[in-house]
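Q: I have a model open and want to go through some of its contacts. Can you take my questions as they come?

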Amino acid sequence: MNGYRGTILRVDLTSGTISREDLDRDLARDYLGGRGLGSAILARETDPQVDALSPENKLIIMTGPLSGNPAPTGGRYMVITKSPLTGTIASSNSGGYWGAELKFAGYDGLIVEGKSDSPVYLLIEDDQVSLQPAGDLWGQLVTATTEALQAAHGTKHKVLTIGPAGEKLSPIAAVMNEKGRAAGRSGVGAVMGSKNLKAVVVRGTSKPSVSDADTLKVVNDDGMRKIKEHGVTGQGLPAYGTAVLVNIINENGVLPTRNFQTGQFATAEKISGETLAEKYLVKKDPCYRCPIGCGRYCRTDKVEGQGPEYETIWAYGSDCGIDDLEAIIEANFWCNEYGIDTISAGATLACAMELKEKGLITGEDLGGEPLEFGDATSIVTWTKKMGALEGFGARLAQGSWRLADSYGVPELSMTVKKQELPAYDPRAIKGHGVNYATSNRGGCHVRGYMINPEILGVPEKLDRFSTENKGGWVKTFQDLTAFIDSSGLCLFTSFAFGAQEYADYTNAICGTSYSAQDVLDIGERIYNLEKLYNLKAGIAPEEDTLPPRLLNDPLPDGPSKGEVHELAKMLPEYYSVRGWDERGIPTADRLKALGVEVPWN
């Protein structure tokens with residue numbers, strides 16, 4: 001199969017056995033790769049009600065058919081499992097070079113099952129695959145682990161690993177690769193830690209084949225032109241990284257501040273992408289075959305490394321009432337080192353700050369350490385304690401929902417399905433709020449990035465305050481995103497590409513004959529399967545909602561003053577265009593039309 005390598009590795013950590021399986025071509029046709037194929041395999045092989053941290057849960061690391069191929073941004077991979085944070089299906093995306101290297105080694109993905117009796121790492125060198133003892137690496141930070149493994153095997157080997165947070169089963173733990181790249185959301189690092197798997201080291205020396213090199217050259221020339229000419233992918237992201245959004249979002253009055261109590265941050269300029277580039281940027285840090293180069297490599301007097309991204313700057317910045325960019329860069333560094341999701345970590349600290357402000361968390365709880373809105377030193381201190389699960393940090397490392405619930409006020413956690421919301425206040429971005437509420441992995445902006453049309457005007461400008469006719473837009477963005485996540489390309493290409501461009505790339509590389517509609521149908525099939533998994537896992541339809549604050553408390557100031565999210569008015573339209581019933585459950589007719597087969601009773 002062109003584009004694919006045709007082989008899946010299965011690793012049984014309980015028995016220590018490693019086997020190779022042929023890629024299921026029918027399943028790949030229906031679910032493509034990456035997020036889609038991994039989700040289909042998880043649904044086939046696990047009970048959705050499985051304990052996420054039990055040996056019976058599986059950790060699936062999957063590339064897409066375009067990963068490792070000559071397509072722009074073709075280095076992505078997905079980690080698919082049941083989430084210990086939300087109880088939903090989890091599929092967390094990362095870039096860098098590791099995903100492409102796995103394809104070069106000859107594999108489309110890994111299925112990891114069971115649990116090792118002691119810490120191990122998986123070593124993949126083309127067709128030589130083995131489990132190696134990792135007792136001396138257990139407890140090590142991400143950089144130390146990466147450097148030790150590259151010293152042992154070679155600097156060309158790519159390292160995927162967890163840090164201490166994953167080892168200690170924090171439900172906000174990430175899977176890291178190349179030190180600063182993260183499959184960050186939904187606690188996938190804890191699942192890896194629960195299996196005593198410290199790392200996966202990969203070196204590959206062959207490339208996938210493409211179906212039609214001549215057509216691919218034409219498609220690539222057109223695709224690269226569109227990326228370079230687009231204002232976001234050709235100018236904004238290359239110059240300022242994802243943090244180019246700080247000022248834009250703040251100017252619209254939807255930059256969540258002080259745990260979503262307001263939507264504007266008076267000193268946002270101090271934490272903007274422009275300030276980051278002026279004062280701390282060392283170099284751009286692009287992923288495999290990326291012409292955009294949004295990645296940042298930054299340095300302060302104390303730390304240097306990859307990041308921070310816009311979401312991190314927001315979570316540790318305005319959400320915590322902090323405009324000290326050096327402290328934010330340092331907090332980001334320690335998140336990478338301990339292996340924790342920066343969005344959940346920063347948002348959990350913001351929630352804790354409000355709990356402290358309201359007198360629910362006391363100085364005694366904190367062991368005398370400060371934790372206040374605006375206190376820049378506290379975010380670094382508590383990030384380290386969170387990563388090590390030390391003292392009160394162990395409670396923070398459970399995420400904001402569990403923290404707030406332990407004080408009897410879960411409504412102060414700004415989460416959907418127990419996962420922290422990202423850096424956009426949906427009260428004045430109505431379509432984006434529907435995307436938040438209906439995301440299959442809990443609070444998430446990159447399941448259907450309605451910021452594109454509602455803020456940036458891509459592919460056209462929508463009235464962000466309007467509740468009308470947004471359901472179809474959300475569905476289209478969610479379905480297209482599911483395809484992109486499954487292809488092996490980066491979501492940021494969607495600023496410049498539509499469904500037809502993704503069809504063209506897939507057809508040229510894989511030899512398929514997808515239309516633009518086929519692209520959306522595959523994405524819709526994936527979205528429906530994920531929804532079915534969640535329903536079987538016990539995620540009630542009523543969990544398609546937003547935090548009470550966002551439904552009931554108007555934004556108090558700024559250009560979006562007075563807005564609340566009108567979700568009850570908007571959900572029926574969304575469910576209708578999805579072909580789901582009034583509660584948000586996929587109908588038998590829609591599932592049949594999509595060819596979605598339920599793999600459990």
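Q: How many aromatic pairs does the structure hold?
A: The structure holds 17 aromatic pairs. Rings of Phe, Tyr and Trp (its six-membered ring) pair if their centres lie within 6.5 Å; planes under 30 degrees apart are stacked, over 60 edge-to-face, and the rest tilted. This is a predicted model, where local features need pLDDT of at least 70 and side-chain atom pairs count only at pLDDT 80 or more, while totals for chains, interfaces and linings use all residues. Residues are numbered from 1 along each chain as its sequence is written, and side-chain values use heavy atoms, with hydrogens and water left out.

Q: What is the geometry of the tyrosine 310 and tyrosine 424 pair?
A: Tilted, with 5.6 Å centre to centre and 50 degrees between the planes. The pair ties together parts that are 114 residues apart in sequence, because tyrosine 310 lies in helix α11 (residues 310-316) and tyrosine 424 in the loop between β17 (419-420) and α17 (430-438). Helices (H or I, at least four residues) and strands (E, at least two) are DSSP runs, numbered from the N terminus.

Q: Is tyrosine 310 buried or exposed?
A: Tyrosine 310 is buried, as is tyrosine 424. Buried means under 20% relative accessible area, exposed over 50%, partly exposed in between (1.4 Å probe, protein chains only).

Q: Which residues do ring pairs link into a cluster?
A: Tyr310, Tyr424, Tyr449, Phe492 and Phe495.

Q: Switching to the sheet. What is the strand order?
A: The order is β2-β1-β6-β3-β4-β5, an open sheet of 6 strands with mixed pairing. Two strands pair if DSSP finds at least two bridges between them. β2 (17-22) and β5 (89-94) stand at the edges with a single partner strand each, so one side of each has no neighbour in the sheet.

Q: How many bridges join β1 to β6?
A: 5, between residues 7-12 of β1 and residues 109-113 of β6, and the two strands run parallel. Arginine 10 stands opposite isoleucine 111 in β6.

Q: And what lies across β1, β3, β4, β5 and β6?
A: Helix α2 (residues 34-45), at about 25 degrees to β4. Axes are lines fitted to C-alpha atoms, for helices over the stretch in contact, and angles run from 0 to 180 degrees between N-to-C directions.

Q: At what angle do α2 and α21 pack?
A: About 35 degrees, with the axes of α2 and α21 (residues 516-537) 10 Å apart.

Q: Which residues in α2 meet α21?
A: Arg35, Gly36, Ser39, Ala40, Leu42 and Ala43 meet residues of α21 including Tyr527 and Tyr533. Contact means heavy atoms within 4.5 Å.
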